[in-house]
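Subject: Structure handover

Hello,

Here is the structure I promised to pass on. Please open it first, then read my notes below.

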There are 2 protein chains.
Amino acid sequence: MRNMSDIIEQYLKKLIEESGTEVVEIKRAHIAEKFDCVPSQLNYVIKTRFTNEHGYTVESKRGGGGYIRITKVETHSKAEYLAHLKQLVGDQLSQQNAKHIIQSLYENEVVTQKEAKIISAVMDRETLMLELPYRDRLRAKILKRVMDVILYSEE
Amino acid sequence: MRNMSDIIEQYLKKLIEESGTEVVEIKRAHIAEKFDCVPSQLNYVIKTRFTNEHGYTVESKRGGGGYIRITKVETHSKAEYLAHLKQLVGDQLSQQNAKHIIQSLYENEVVTQKEAKIISAVMDRETLMLELPYRDRLRAKILKRVMDVILYSEE
DNA sequence: TAATCAAAGTCAAAGAAGGTCAAAAGAGGT
DNA sequence: ACCTCTTTTGACCTTCTTTGACTTTGATTA
């Protein structure tokens, strides 16, 4: 692993996995001490790697006995999961967010790696030769259509 | 070897070979220092010698813990077939022709049925909310990008 | 209840990579 | 010599990460 943020990300994901419950509750200061970084780095890690797009929900509480709770969004039914993501896409979608969503689809085995690469390529700003307000709208449209196809085309 | 770019090219290829994994991850600044050149020379080497056409895929990340990852991809017998289709696509592509091409890809087992459906959906005129000269151009662009991905990203 | 302590949150600056682009320099060919 | 193509360089840009001062919120205690 190359940097602190990646290391902490892996650590938290392992915690979630090991818990067997898709949830983990941490003390920010405690983790910061364990990895010898400032506490706010935890906020950075969470904000960049445990977002909705990535398939996580985060709750927290301040003050004495405070905590940060990270929950992996349940992807029980593929339909719900896709509906959730679709709603998250809205009518505009940046390349960044698109990547996160595709990554999430891949991690949840909704698409194969090859499919993920195809979808990414299509939505790359290089491919969508458009200026900005339109490009993000087209990207959103495309991804939602793809999700529909994924949903209705199998089984 | 007569120039720095060739030397670096050889060096990187040797690294890939020795790794046994078809992948190598480097730090741009580190290599630059090793060969006593400016960092951007690495970009030049990569852009001229590690392209898709050469059978490589390159990913990178900026910022702390950044890297450049070069992956060698097998270029199989599909290469010619896809090159042929790509050339057939040209700069513009109607929905009709797109369908035919995708059908052909499917029949030749270059894509799965699901992949075919995804690609079709993306290129549907409903999805590409554009007026006509542009729509056909975008469709062509997309399909060619998809073909590149199929060709250079496998395994 | 007010004061205090114990978390977590925010935000912006500084730091650490890699990317781009065009000008300058070299190499080969005529 | 002159032209063209490739390589080398460097100034400037964008993206991602780290850090820390300051804020907000919740719990405890006087």
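How do the residues of the surface near DNA strand D divide into nonpolar, polar and charged? They divide into eight nonpolar, 16 polar and four charged. In this count Ala, Val, Leu, Ile, Met, Phe, Trp, Tyr, Cys and Pro are nonpolar, Asp, Glu, Lys and Arg are charged, and the others, Gly among them, are polar.

Two notes before the rest. This is a predicted model, where local features need pLDDT of at least 70, side-chain atom pairs count only at pLDDT 80 or more, and totals for chains, interfaces and linings use all residues. Residues are numbered from 1 along each chain as its sequence is written, while chains are lettered from A and ligands numbered from 1 in the order in which they are written.

**The DNA strands**

DNA strand D has 28 residues around it. A residue is near a molecule or strand if its C-beta atom, placed from the backbone, lies within 6 Å of it. Helices (H or I, at least four residues) and strands (E, at least two) are DSSP runs, numbered from the N terminus.

DNA strand C is surrounded by 26 residues. The closest are A:Arg28, A:Gly66, B:Arg28, B:Ser40 and B:Gly66. Two or more residues come from each of α2 (28-34), α3 and β3 of chain A, and from each of α2 (28-34), α3 and β3 (67-72) of chain B.

Chain A has an open sheet of three strands. Their order is β1-β3-β2, with antiparallel pairing. Strands count as paired if DSSP finds at least two bridges between them. β1 (23-26) and β2 (56-61) of chain A are the edge strands, and each pairs on one side only. On average, neighbouring strands are turned by 15 degrees against each other, direction ignored. Axes here are lines fitted to C-alpha atoms, for helices over the stretch in contact, and angles run from 0 to 180 degrees between N-to-C directions.

β1(A) is joined to β3(A) (residues 67-72) by four bridges. A:Val23 stands opposite A:Thr71, and A:Glu25 has A:Arg69 as its bridge partner. β2(A) and β3(A) pair over six bridges, also antiparallel. There, A:Val58 stands opposite A:Ile70. The hairpin of β2(A) and β3(A) has five residues between the strands. In this hairpin A:Gly63 takes a positive phi near 70 degrees.

**Helix packing in chain A**

The axes of α1(A) and α3(A) come within 10 Å and cross at roughly 70 degrees. That makes the two helices roughly perpendicular (65 to 115 degrees; under 35 is roughly parallel, over 145 roughly antiparallel, the rest oblique). From α1(A), A:Met4, A:Ser5, A:Ile8 and A:Glu9 take part. They meet A:Gln41, A:Leu42, A:Tyr44, A:Val45 and A:Arg49 in α3(A). This contact has five nonpolar, two polar and two charged residues. Contact means that the C-beta atoms of two residues, placed from the backbone, lie within 7 Å.

**Chain B**

Chain B has an open sheet of three strands in the order β1-β3-β2, with antiparallel pairing. Its edge strands are β1 (23-26) and β2 (56-61). Four bridges pair β1(B) with β3(B). B:Ile70 is the bridge partner of B:Val24. α1(B) lies across β1 and β3 of chain B, at about 125 degrees to β1(B).

**Domains and the chain contact**

Chain A is assigned domain 1 (4-72) and domain 2 (78-153). These bounds come from an automatic or database domain assignment. Their centres, taken over C-alpha atoms, are 26 Å apart. Five residues of domain 1 are in contact with six of domain 2. The domain 1 side has no nonpolar, four polar and one charged residue.

The contact between the chains takes 20 residues from chain A and 20 residues from chain B. On the chain A side, α6 (113-123) and α7 (132-153) give two or more residues each. That side has nine nonpolar, three polar and eight charged residues.

Best wishes
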